[in-house]
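Please have the structure open beside them as you read.

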Amino acid sequence: MFETFLFYVFSTILVLAALRVITARNPVHSAMFLVLSFFTAAGIWLLLRAEFLAIALVLVYVGAVMVLFLFVVMMLDINLERLREGFWRNLPLALVVGGIMVAEMIALLAHQIFESAPASEPASGYSNTRALGLVVYTQYAYAFEVSAVILLVAIIAAIALTLRKRKDSRYQDPSMQVRVRREDRVRLVSMPPERDE
């Protein structure tokens, strides 16, 4: 009963956070809601006893999202002074998101501590990581490969979007370097010799 209640609470938080990721105007707010949605999804996986997926989601995505956000800030040449000034403006939302994550962790711990009878205990020697590998690479192999291709297309699209010509950056044109002639680069100047007097 309590597990079902936690599942619905976490699912509601996950859907609302995911909606705020795409509707927030401030990129800092979007990143914070993205972290909240990943963290909540990890909580749902913990409820489903998929500990490996939960830890992988927290370590890889929650950690990588912040690094990715920093790269985006650097690539877009956002004024960091203005970003630091907005720290106090973004602090209330960060405290709310952090408070929700702490409440989720407390609810998960309370579920583990106060659960009277476990619904179904796995057999001894059971590994959910091994079971996940068997399912992903046998039953869902084609879906796994399709998702890999979609991710590859997304990476290529992100690179193509950032490769734009900017006036303030220098770049080399290899075709012009190949077509260059000696007369274009070197100029011989005849000068009279200097005489010591």
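1. Let me begin with one residue near the start of the chain. Glutamate 3 has a relative accessibility of 22%, which puts it in the partly exposed class, because buried is kept for values under 20%. Please keep in mind throughout that this is a predicted model.

2. Glutamate 3 has a partner worth a look: it makes a salt bridge with arginine 49, and the closest N and O atoms are 4.0 Å apart. The salt bridge count for the model comes to 1. The two residues come from distant parts of the chain, 46 residues apart, with glutamate 3 in helix H1 (residues 2-23) and arginine 49 in the loop between H2 and H3.

3. How exposed is arginine 49, buried, partly exposed or exposed? Its relative accessible area is 26%, so arginine 49 counts as partly exposed. I would also look at its backbone: phi of arginine 49 is near 60°, a positive value in a residue other than glycine. This residue sits in the loop that joins H2 and H3.

4. Stepping back to the whole fold, the model contains 9 helices and 0 strands. In sequence order the pattern therefore reads α-α-α-α-α-α-α-α-α, with helices and strands taken as DSSP runs. Among contacts between residues at least 6 apart in sequence, 71% join residues at least 24 apart.

5. How much of the protein is buried? Of its 197 residues, 20% fall in that class. The protein exposes about 16,200 Å², and carbon and sulfur atoms supply 68% of that area.

6. Now to the interior. Nonpolar side chains tend to be buried together in soluble globular proteins. Here the largest nonpolar core has 19 residues, and Leu36 and Met101 are the ones that touch the most other members. Helix H2 (27-47), helix H3 (51-75) and helix H5 (87-114) are the elements that each give two or more residues to this core. The largest share comes from H2, with 10 residues.

7. Which residues does methionine 101 contact, once its neighbours within four places in sequence are left aside? They are Val35, Leu36 and Phe39.

8. The aromatic residues deserve a point of their own. The structure holds 3 aromatic pairs. One of them joins phenylalanine 7 and tyrosine 8 in an edge-to-face arrangement, with 5.7 Å from centre to centre and 70° between the planes. Phenylalanine 7 has a relative accessible area of 34% and so is partly exposed, whereas tyrosine 8, at 55%, is exposed.

9. Another pair is formed by phenylalanine 38 and tyrosine 61. Their ring centres are 5.3 Å apart and their planes stand at 40°, so this pair is tilted. Because phenylalanine 38 belongs to helix H2 and tyrosine 61 to helix H3, the pair ties together parts that are 23 residues apart in sequence. Tyrosine 61 counts as partly exposed, at 44% relative accessibility.

10. On the surface, I would point you to a nonpolar patch made of Val15, Leu16, Leu19 and Ile22. Together these residues have about 410 Å² of accessible area. Valine 15, one of the four in the patch, is found in helix H1.

11. My last stop is serine 30, which is in helix H2. Is serine 30 buried or exposed? With a relative accessible area of 14%, it is buried, because that value falls under the 20% limit. Not counting residues up to four places away in sequence, serine 30 touches Arg20, Val21 and Ala24. For serine 30 and arginine 20, the separation is 10 residues in sequence and 6.7 Å in space, C-alpha to C-alpha.

Technical notes:
Residues are numbered from 1 along each chain as its sequence is written. This is a predicted model: local features need pLDDT of at least 70, side-chain atom pairs count only at pLDDT 80 or more; totals for chains, interfaces and linings use all residues. Side-chain values use heavy atoms; hydrogens and water are left out. Helices (H or I, at least four residues) and strands (E, at least two) are DSSP runs, numbered from the N terminus. Buried means under 20% relative accessible area, exposed over 50%, partly exposed in between (1.4 Å probe, protein chains only). Contact means heavy atoms within 4.5 Å. Accessible areas come from the Shrake-Rupley method with a 1.4 Å probe; for residues, only the protein chains shown count as cover. A nonpolar core is a set of buried Ala, Val, Leu, Ile, Met, Phe, Trp, Tyr and Cys residues joined through side-chain atoms within 4.5 Å. A salt bridge is a side-chain nitrogen of Lys or Arg within 4 Å of a carboxyl oxygen of Asp or Glu. Rings of Phe, Tyr and Trp (its six-membered ring) pair if their centres lie within 6.5 Å; planes under 30 degrees apart count as stacked, over 60 as edge-to-face and the rest as tilted. Patches are made of residues with over 30% relative accessible area and no salt bridge: like charges are joined within 9 Å, nonpolar side chains (Val, Leu, Ile, Met, Phe, Trp, Tyr) within 5 Å.
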